[in-house]
Amino acid sequence: MEKTPIVAFLYDFDKTLCTTDMQDYAFIPSLGMTPAEFWAEANDFGRANRIDGILAYMYTMLREARKKNLPFTRADLVEKGHSIVLFPGVQEWFARINAFGERQGVRVEHYIISSGLKEMIEGTSVAKNGAFKKIYASSFYYDDYGVAKWPAQVVNYTNKTQFLFRIE
C-alpha cells in the first residue's frame, strides 16, 4: 500500500499572512493607545527588566488591559482576531494550493509558527475555515472563567525551530 506524500507549508503570521502585528488591529486601539505607544512600552519594559521580548509584550497586554479594566479573556482575544486584515490572496491561497497538491498526488498541510497569539489567530477567517493543521503560537493560561492569568506557551524567535521537529 502506497502512502500519499505530505507537503508541509509553515508560516509565520504577523507581517507574513497579515499586514502588521495582530495586536495592532483591535487590541491596542481598545487600550486607547497607538501601536507605536504600546510597542515602545512593551519593549522598554522588556529591556529594563531583562525579559524576553515576547514575554514582555504578553505581560504588557495583561497589565494595560487590567489598568483600563478591560476584559482579557480567551473569548475576547479570539473575537479580536476577527478584525485581523490578511494580505490580498491569503484567504484563497489555502484552498488553491491544497487543490494543486491533490492534482499532483500530494496532501498539503499548513502550519503556523508564530510569536503572535494563538487565540487571535484562531479568530481569523482562515483559521475558522480549518486552513491550519496546527497552530504553534504564544498563548495564555486561563482560569475557570476564561480570564488570562499567565503565559502558557511562548514562541520566540529562537525556539521557533523546535516546532519544526514537532511537525516533522
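**A loop histidine, a helix and a pocket**

H82 is found in the loop between α4 and α5 (90-104); helices (H or I, at least four residues) and strands (E, at least two) are DSSP runs, numbered from the N terminus. This is a predicted model, in which local features need pLDDT of at least 70 and side-chain atom pairs count only at pLDDT 80 or more, while totals for chains, interfaces and linings use all residues. Residues are numbered from 1 along each chain as its sequence is written, and side-chain values use heavy atoms, with hydrogens and water left out.

H82 counts as partly exposed because its relative accessibility is 43% (buried is under 20% relative accessible area, exposed over 50%, partly exposed in between, with a 1.4 Å probe and protein chains only). Leaving aside neighbours within four places in sequence, H82 is in contact with G123 and K128, contact meaning heavy atoms within 4.5 Å. The H82 side chain reaches the backbone oxygen of G123 at 3.1 Å.

After α3 comes N69, with a positive phi near 55°. The buried residues of α3, including I54 and Y57, pack against α2, β2 and β4, among others.

I54 is also one of the residues nearest the centre of the largest pocket, which 15 residues line.

Methods
On a 1 Å grid over the protein atoms alone, a cavity is a set of points where a 1.4 Å probe fits but cannot get out, and a pocket is an open set with protein on both sides within 12 Å along at least five of seven lines; lining residues have an atom within 4 Å of a point. A polar contact is a pair of N or O atoms within 3.5 Å; within protein, one must be able to donate a hydrogen and the other to accept it, and residues adjacent in sequence count only if both atoms are side-chain atoms.
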